[in-house]
Each structure stands twice: as structure tokens, then as C-alpha cells.
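Student: Please take me through the structure below, one topic at a time.

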Amino acid sequence: MAGRAVPGLRGRGLRRGQVRPARLGESTRFSQTARRGPWATLLGKDAVAYTFEDLVDDTAAVLDAVGWERAVVFGSSMGGGVAQRFALRHPQRTLAIVSNAGAPSDASGLALLRYVRFGLFAKLATTRFPEGRDGDIAASMAIIRGIASPANPVGEDEARALAERELGAGARDDDARNRQLGAKWHGPRLRDVVAPTLALHGEDDPIMRTSASRDVARVIPGARLTILPGVGHDLPPASWRTVAQQTRHLVAEPTPASGTATA
């Protein structure tokens, strides 16, 4: 999967038709033949470069590469939707799923927008960063620090180190963002998930409303819901113990009634 991409962050992009081979463990990078804004892509019905089934099958290919028959599939943000749909498309390979800050995978178009908080998007959309490596790092740092909760902020040095490490993921790759937003799903409905499910969500998430994960837990039979206080759209170190414990309980204990919440 491509890395973070946020509306309004302008980048250099690839020349039309150019393909950039991926390094080991990264996605192949390629350009879009026509540029569209994120909202037009989200709400449009045009043909896209790949489907959501393609994204899910890429996840299965990772399991193949490491020789794992089954796994607990953990996805954050859009990755939460990937985890949900993985359980639908590859149920025999799904030990359990954890969806963090992800919207219900049935939601699309206007239905998806009701879960979105637009404040951070608007702020980033009006911020201009210089071209080149320094600008790419500054854009990534703005995202990393912006999605964190004030209760668990990310320091400048930590944000810079993370931005430099993920520089190749393309924080300003608008084409990658649009391809992901435009990927269509043609598979089963979310209510058909049978794998044990944990829906996580940061109480202070500035991008997605907690109602997104609440609805995931409500729709999937037997799903757990955990709201993480002092957590934003990320998973800071302060949350790791809780996340690890909740994930372990997911596969070690009987599944509770649908939508059971913990904090």
C-alpha cells in the first residue's frame, strides 16, 4: 500500500506513463493519465487503475511471501477497510482482524463523508511546502504531528525521524491517494464477516469520527469496540500495551456480544 497522502499537499509527481519500480516491501509507483481532485475521485464512477479486490489480494500475497497460512490482519485508517475486506475475500486465511480508525467498508461516496472531520484537511490544504526533499519531509512532519492527540503529541525530532524513514512512501503523492480513493469493491457486505473483530479508535482522532469504528463494531457480528483515550489518528507508544492486550484477547477468549465497548 502506498503511504500517507493528504488533499492539498502538492508534490512533483511522475511523468505521464512513467512507472517507478518498488524497493523490497514497497508498492510499485506509477502515474495517473488524468489528474482529478480527491473529492471528484471519491464520488466519481470512472474506471480506475485497480480495484479494492486488488489491494486485498496484495495483502494475501504478503502472507504467501512469508509462508503464513493465516494471520491476524491489522489495518489502520484506510487499512482498516482493507482488513475488513480481507476477512470477506479470504476468510479461510483470517485468524482475526483489527480495524483501527477505519470506516465501515460498506460506506462509500457521500456515505463515507459523514465519518470525516475536515479541520485538519482544510489546514493542510492551505499550507504550502517547498519543492524537493526538504519540502517532502516538512509535509510529512505536518501530517505526523497533525494526526496525533494533544495528550500524546509527537515531538519535532521524532516526527522528522519518522518522515525521513518513510520519505519514499510519498506523503505528497496525489495520484496514489486518488487511486486508493477510487478503488471500487464488488465483494460481500460487512455484515458477512465471520472472523473475530476488534474495532479500535482514538478518542481524539482529528480525521475520523469515533462513530466510524462504532459502526464497524455494530455491523460485524460479535465485534469488540475499544475507544482509546488520549489517542488521535495514530497509535502512540502509550497505547501499545492496551492494543496488544486487546488483540491477544481477541483470539484467546470467547467473542462477546456485538458492539461490546471497552476503554
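**Charged pairs and their surroundings**

Tutor: R218 forms a salt bridge with D215, and the closest N and O atoms of the two are 3.5 Å apart; a salt bridge here is a side-chain nitrogen of Lys or Arg within 4 Å of a carboxyl oxygen of Asp or Glu. This is a predicted model, in which local features need pLDDT of at least 70 and side-chain atom pairs count only at pLDDT 80 or more, while totals for chains, interfaces and linings use all residues. Residues are numbered from 1 along each chain as its sequence is written, and side-chain values use heavy atoms, with hydrogens and water left out.

Student: And where do R218 and D215 sit in the secondary structure?

Tutor: Both are in helix α9, residues 211–219, and because R218 and D215 are 3 residues apart there, about one helical turn separates them. Helices (H or I, at least four residues) and strands (E, at least two) are DSSP runs, numbered from the N terminus.

Student: Is R218 buried or exposed, and what about D215?

Tutor: R218 counts as exposed at 55% relative accessibility, whereas D215 counts as buried at 16%. Buried means under 20% relative accessible area, exposed means over 50%, and partly exposed lies in between, with a 1.4 Å probe and protein chains only.

Student: How many salt bridges does the count come to?

Tutor: By this rule the count comes to 4 salt bridges. Among them is the one between the side chains of D57 and R89, at 2.8 Å from N to O. D57 lies in helix α2 (residues 52–66) and R89 in helix α3 (residues 78–89), so this pair ties together parts that are 32 residues apart in sequence. D57 is partly exposed at 27% relative accessibility, and R89 is partly exposed at 37%.

Student: What does R93 form a salt bridge with?

Tutor: R93 forms one with D64, where the closest N and O atoms are 2.7 Å apart. That pair also links distant parts of the chain, with R93 in the loop between α3 and β4 (94–100) and D64 in helix α2, 29 residues apart. R93 counts as buried at 10% relative accessibility, while D64 counts as exposed at 51%.

Student: Switching to rings, how many aromatic pairs does the structure hold?

Tutor: The structure holds 0 aromatic pairs, where rings of Phe, Tyr and Trp (its six-membered ring) pair if their centres lie within 6.5 Å, and planes under 30 degrees apart count as stacked, over 60 as edge-to-face and the rest as tilted.

Student: Which residues make the nonpolar surface patch?

Tutor: V62, V66 and W68 make a nonpolar surface patch of about 320 Å². Patches are made of residues with over 30% relative accessible area and no salt bridge, with like charges joined within 9 Å and nonpolar side chains (Val, Leu, Ile, Met, Phe, Trp, Tyr) joined within 5 Å. Accessible areas come from the Shrake-Rupley method with a 1.4 Å probe, and for residues only the protein chains shown count as cover. W68 itself lies in the loop between α2 and β3 (71–76), and W68 is exposed with a relative accessible area of 51%.

Student: Backbone next: which residues have a positive phi without being glycine?

Tutor: S77 is one, with phi near 60°, and A101 is another, with phi near 55°. Most residues other than glycine have a negative phi. S77 lies in the loop between β3 and α3 and is partly exposed, with a relative accessible area of 29%. A101 is found in the loop between β4 and α4 (110–113) and is buried, with a relative accessible area of 1%.

Student: What does the secondary structure of the whole protein come to?

Tutor: The secondary structure comes to 10 helices and 7 strands, and 45% of the 263 residues count as buried. Among contacts between residues at least 6 apart in sequence, 75% join residues at least 24 apart.

Definitions and conventions: Contact = heavy atoms within 4.5 Å.
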